[in-house]
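I am opening a notebook on a structure that is new to me. The entries below follow the order in which I looked things up.

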Amino acid sequence: MEWLTSMNTALENLKPRLLWKHFEAISAIPRASQHEAAALNYVLAEAARLGFESVVDKAGNVVIRKPARPGREGAVMAALQGHLDMVCEKNEGTAHDFSRDPIRLVRDGDWLKAAGTTLGADNGVGVAAALAVMESTDIAHGPLEFVFTIDEESGLTGASDFPNGLLKSKYFLNLDGEEEDTLCIGCAGAVNTVARRKIERRAAGAGDAWRLRVSGLMGGHSGIDINKGRGNALRILGRILQLLREHVNPGIASLEGGSKRNAIPREASATIVIDGSRVQE
Ligand SMILES: [Zn+2]
């Protein structure tokens with residue numbers, strides 16, 4: 001087992017010890033979105049080994065409860081949450097089967113990396129941190145719930161199917177942050193919406209065809225850049241079309257824009273047909 005040797009070297013002397021122990025263990029478990037069973041079994045086995053109760057919901061999320069440490073029994077209950085799945089990407093030429101192979105961990109100075117693949121620190125570090133607190137005997141904490149959700153990366157279905165009433169905690173700490181040493185107080189959500197509308201096509205009448213094009217925008221991630229006031233090409237184009245509709249009522253021959261659900265659209269275009277006598281207007 002050659003990778004085991006290299007893994008141990010990669011994580012040698014890293015602290016906190018429990019966190020890296022669990023990170024090493026889950027890095028060895030394939031856990032693509034919607035294939036989290038083995039990772040789920042790992043956290044369940046840990047709960048059983050430590051003698052804590054666990055509940056698996058219908059979606060496949062798990063909640064584990066750990067009593068307060070002595071002296072902290074009166075504290076309010078808090079939940080620590082992380083997601084079990086990871087984004088599975090590899091470099092061209094890397095032989096890696098994400099359904100079977102462990103992530104190969106490599107130490108590069110102060111960085112821990114993976115050999116030719118994604119590392120899965122999102123959200124492996126969050127899961128490992130939660131498991132470290134779960135196993136700890138030297139942290140003065142109140143009663144805790146540990147929540148491990150599935151399928152975050154491909155649509156947050158674990159979180160959205162999470163049943164009402166299962167959690168007893170007053171505070172909920174999500175361990176899937178973006179920035180180090182930063183605590184974000186707030187609430188985030190994501191939803192995919194598919195809208196369908198029947199359209200009626202007809203032959204274009206006499207008129208001039210024009211191509212409207214919105215481009216040159218910055219774009220960005222719809223999660224972390226959405227608050228920056230950046231232009232959304234689809235919305236800008238939509239506003240223009242709406243305005244035109246109110247004035248010269250063009251025919252729309254084509255309409256396209258955007259590329260990904262989680263990217264702010266940078267470009268959009270439409271081909272419209274306007275009555276020749278109204279072009280000036
Ligand atoms: Zn994540």
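I start with terms: two strands pair if DSSP finds at least two bridges between them. Helices (H or I, at least four residues) and strands (E, at least two) are DSSP runs, numbered from the N terminus.

The model is predicted, so I note that local features need pLDDT of at least 70, side-chain atom pairs count only at pLDDT 80 or more, and totals for chains, interfaces and linings use all residues. Residues are numbered from 1 along each chain as its sequence is written, and side-chain values use heavy atoms, with hydrogens and water left out.

**Entry: the sheet.** I looked up an open sheet of 3 strands, which run in the order β8-β10-β9 with antiparallel pairing. β8 (208–214) and β9 (251–257) are the edge strands, each pairing on one side only. I then checked β8 against β10 (residues 268–274) and found antiparallel pairing over 7 bridges. Which residue of β10 is the bridge partner of Ala209? I found Val273.

**Entry: the zinc ion.** Donors are N, O and S atoms within 2.8 Å of the metal (3.2 Å for Na, K and Ca); water is not among the atoms, so sites may look incomplete. The protein donors here are His83 (NE2), Asp122 (OD), Asp176 (OD) and Asp176 (OD), at 1.9 to 2.7 Å from the zinc ion. Along the chain they follow the spacing H-x38-D-x53-D. Asp122 sits in helix α4 (residues 121–135) and Asp176 in the loop between β7 (171–174) and β8, so this pair ties together parts 54 residues apart in sequence.

I also looked up burial: buried means under 20% relative accessible area, exposed over 50%, and partly exposed in between (1.4 Å probe, protein chains only). Asp176 is buried at 19%, and Asp122 is partly exposed at 36%.

Entry: Most residues other than glycine have a negative phi, and most peptide bonds are trans. I found a cis peptide bond from Lys15 to Pro16, with omega near 5 degrees. Pro16 is in the loop between α1 (2–10) and α2 (17–27). The bond from Asp122 to Asn123 is also cis, with omega near 5 degrees. Asn123 lies in helix α4.

Asn13 has a positive phi of about 65 degrees. Asn13 is in the loop between α1 and α2, and is exposed at 72%. Asp181 has a positive phi near 60 degrees. Asp181 is in the loop between β7 and β8, and is exposed at 79%.
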